[in-house]
Amino acid sequence: LSTFGDREYDYFNSVTATSDGHVAVGYSDSTEGELIGLNKGYRDAIIVNYDKNDKIKWTKTFGGSSGDAFNSVAATSNGYVAVGYSASHDTDLTLQDGIQNAIIVNYDKEGKVEWKKELGNVNSDNSFNSVAATSDGFVTAGYSNNDAVIVKYDTSGNQIWLKRFGGSESDRYHSVIATSDGYVVVGETA
């Protein structure tokens, strides 16, 4: 059993196995323990890399002065890709223009950000809830402006396509997997 965090709110939302351990993502309000000197604001997205003995290799935060979180993570041959949302307009997310933008962040094996992308519109609420690695990039699913969305990115973070699903009420995808001939997504609709 391995613990993480301190006296504040610390949550892991997703974990994936790696060749030498596992990587977990979520969010944290903590400023002590494993997060001394890492907090960037109110609540940060976190990614933690563990070795095969459950010892922390590295911990990284992502975000700014508002609420940020990672909801899902996938391992790649060169590192990790984490997805979630951010309400911050500063620090790591200076390009953001939505109320809450969906985010996808690619990390190398040492925890360095290689690229980051956001999805959102002015006055909209957006989140990526799940991600799957594919042979030629990533597919992520969530919601944008009350529509369920599935988005394909290449390995450099370029958006290849975006598909929307839904009607006049709130629709969301919660999980995505890659199959041999496409993708399967599940979610909910109002």
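# Reading a predicted all-strand model

The residues lining the largest pocket divide into three nonpolar, nine polar and one charged. Here Ala, Val, Leu, Ile, Met, Phe, Trp, Tyr, Cys and Pro count as nonpolar, Asp, Glu, Lys and Arg as charged, and the others, Gly among them, as polar. This is a predicted model: local features need pLDDT of at least 70, side-chain atom pairs count only at pLDDT 80 or more, and totals for chains, interfaces and linings use all residues. Residues are numbered from 1 along each chain as its sequence is written, and side-chain values use heavy atoms, with hydrogens and water left out.

## Exercise: the pocket

**Task.** State the volume of the largest pocket, then find the strands that each supply at least two residues of its lining.

**Solution.** 
- Start with the term. On a 1 Å grid over the protein atoms alone, a pocket is an open set of points with protein on both sides within 12 Å along at least five of seven lines; lining residues have an atom within 4 Å of a point.
- Next, the volume. It is about 170 Å³.
- Then the centre. Of the 13 lining residues, Thr 76, Ser 77, Asn 78, Phe 138 and Thr 155 are the closest to it.
- A volume is the space filled by probe spheres set on the points, with grid points joined across faces, edges and corners.
- Last, the strands. Strand 7 (101–108), strand 9 (126–134) and strand 10 (137–144) each give at least two lining residues.

## Exercise: the chain

**Task.** How many helices and strands does the protein chain have, and what share of its residues is buried?

**Solution.** 
- Count the elements. There are zero helices and 14 strands. Both are DSSP runs, numbered from the N terminus: helices are H or I with at least four residues, strands are E with at least two.
- Now burial. Of the 190 residues, 48% count as buried. Buried means under 20% relative accessible area, with a 1.4 Å probe and protein chains only.
- Finish with contacts, meaning heavy atoms within 4.5 Å. Take those with a separation of 6 or more: 43% of them join residues 24 or more positions apart.

**Solution.** 
- Two strands pair if DSSP finds at least two bridges between them.
- Go pair by pair. Strand 1 and strand 2 are joined by eight bridges, with Ala 17 opposite His 22. A hairpin of two residues connects these strands.
- Strand 2 and strand 3 also pair over eight bridges. Gly 26 has Ile 46 as its bridge partner there.
- Strand 3 and strand 4 share six bridges. Tyr 50 partners Ile 56.

**Task.** Why is strand 2 (residues 21–28) largely enclosed?

**Solution.** Seven of its eight residues are buried, so the rest of the structure largely encloses strand 2.

## Exercise: Ile 47

**Task.** Is Ile 47 buried or exposed?

**Solution.** 
- Locate Ile 47 in strand 3 (residues 44–51).
- Its relative accessible area is 0%, so Ile 47 is buried.
- Ala 82 is 35 residues away along the chain, with 7.9 Å between the C-alpha atoms.

**Solution.** 
- Strand 11 (residues 147–154) meets strand 12 over six bridges. Val 151 faces Leu 162 in that strand.
- Look at Tyr 143 in strand 10. At 8% relative accessibility, Tyr 143 is buried.
- Phe 128 lies 15 residues from Tyr 143 in sequence and 6.5 Å away, C-alpha to C-alpha.

Technical notes
1 Å grid on protein atoms, 1.4 Å probe; cavity = no way out; pocket = protein on both sides within 12 Å on 5 of 7 lines; lining within 4 Å. Buried < 20%, exposed > 50% of the residue type's maximum accessible area, 1.4 Å probe, protein only.
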